[in-house]
Amino acid sequence: MRSDRTKAPPRAVVRAVEGVRAGLAGIHRRLIPPHFALLEMVTAGWLSQAIHAAAALDIAGALVAGPRSGTDLARAIGADPDALRRLLRLLTAHGVFARRRDGRYTLTPIAQALRTDVPVSLRDAVLFFGSPTHRDHWNRLVDVVRTGRPSVPARAFFELVRADRALGDMFDRAMSDMDGLGQRAVLAAHDFTRYRTVVDIGGGRGALLSEILRRAPGCTGVLFDLPEVVAETAELLARAGTADRCTTVGGSFFDAVPEGGDAYVLKHILHDWSAEQAGQILRTVRAAMAPTARLLVIELLLPHRNHPHPGNYIDLEMLVHTGGRERTESEYRALLAGAGFALISCTPTLSPENVLEAVPVP
């Protein structure tokens with residue numbers, strides 16, 4: 001059977017591209033007066049809120065059928081025409097939407113990601129990150145930095161999104177949006193056809209595991225997450241055509257995880273937790289693994305040389321919301337070693353994601 005897996009670029013190439021991007025950002029900052037550079041950074045938050053408003057109003061959805069005049073668009077989404085024009089003036093200046101010569105507004109490649117009917121949508125992520133709850137937590141950043149304690153500890157945060165189902169559903173969809181960004185790159189960088197059974201720890205509703213099973217037809221899967229999460233996975237697994245090869249198990253990765261896997265996947269799990277709690281999760285997984293099994297940790301890695309990088313933003317997100325953190329490769333190596341693992345490879349992908357492969361040590 002033909003595989004759609006493509007070869008990942010060498011790490012040197014990935015880091016060279018990151019270096020070029022950082023260099024261009026540095027040139028931009030030096031070309032404008034310092035006070036204007038600072039003002040530009042401060043007001044960037046207004047742009048994010050404008051994008052949130054566009055997502056909440058579903059402007060992209062209203063433009064799917066084709067270009068529309070401002071008046072027609074305002075009528076379609078129930079907005080004030082003048083206020084909408086002013087919102088779109090900012091967004092079109094940044095390429096989020098476009099305004100044609102005839103005055104009608106249309107979608108751009110960036111705006112496509114605000115649709116709900118595309119393979120990789122970010123609309124729910126935009127709605128969650130711009131929500132009053134999320135903004136309120138970030139408003140406590142000064143206190144978080146002073147005390148070193150998150151506005152909401154990890155356990156309390158996850159209890160919050162489970163108790164408030166409207167917020168929880170938004171959070172789940174947002175995390176699915178974010179996971180979808182790097183999923184293809186991860187699957188291209190690592191060959192899952194070498195495993196008979198893949199156990200996805202904290203795998204949510206099974207989007208990643210379903211795609212692994214689709215690309216590895218000889219593989220079976222075990223989806224492990226909280227009982228209330230895996231209870232909602234049947235529809236997705238059935239839609240993906242993988243329900244007959246996937247078992248769902250509910251539980252906590254602090255207590256025990258399923259045995260019998262050839263590969264155990266932790267995607268965006270460890271960064272949610274402190275070193276002590278992440279170590280506990282790893283030890284729980286280690287206890288379930290056979291000596292020949294593999295652990296695959298999928299996370300962003302902070303660059304050793306500090307420059308603009310997505311990990312720096314998410315690191316603060318973890319600081320504010322869970323008390324977790326983003327880590328460098330060497331920090332993950334030490335974390336894994338402390339839980340009885342040896343890191344044997346670290347594969348960069350075309351996305352900011354990296355696949356860290358580890359083995360249990362005696």
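Predicted model: local features only at pLDDT ≥ 70, side-chain atom pairs only at ≥ 80, totals over all residues.
A disulfide is a covalent bond between the sulfur atoms of two cysteines. The structure contains 0 disulfides. Cys-246 accordingly takes part in none, and the cysteine sulfur nearest to that of Cys-246 belongs to Cys-219, at 9.6 Å. This separation of 9.6 Å is to be set against the criterion for a disulfide, which requires the two sulfur atoms to lie within 2.5 Å.

Helix packing was examined for α3 and α6. Two packed helices are described by the angle between their axes and the distance between the axes. Helix α3 spans residues 44-57 and helix α6 residues 81-93; their axes come within 10 Å and cross at roughly 120°. The crossing of α3 past α6 is left-handed. On the α3 side, the contact involves Leu-47, Ala-50, Ile-51, Ala-53, Ala-54 and Leu-57, which meet Leu-87, Leu-90 and Leu-91 of α6. The residues of this contact comprise 9 nonpolar, no polar and no charged ones.

A further site concerns Glu-211, which lies in helix α13 (residues 207-215). With a relative accessibility of 16%, Glu-211 falls under the 20% limit and so is classed as buried. The side chain of Glu-211 forms a polar contact of 3.0 Å with the side chain of Arg-215. When residues up to four places away in sequence are set aside, Glu-211 touches Gln-183 and Leu-187.

Technical notes: Residues numbered from 1 in each chain as written. Heavy atoms only, no water. Axes fitted to C-alpha atoms, helices over the stretch in contact; angles between N-to-C directions. Helix = DSSP H or I, 4+ residues; strand = E, 2+ residues; numbered from the N terminus. Left-handed = near helix turned anticlockwise from the far one by under 90°. Contact = heavy atoms within 4.5 Å. Nonpolar A, V, L, I, M, F, W, Y, C, P; charged D, E, K, R; others polar. Buried < 20%, exposed > 50% of the residue type's maximum accessible area, 1.4 Å probe, protein only. Polar contact = N/O pair within 3.5 Å; in protein donor to acceptor, adjacent residues only side chain to side chain.
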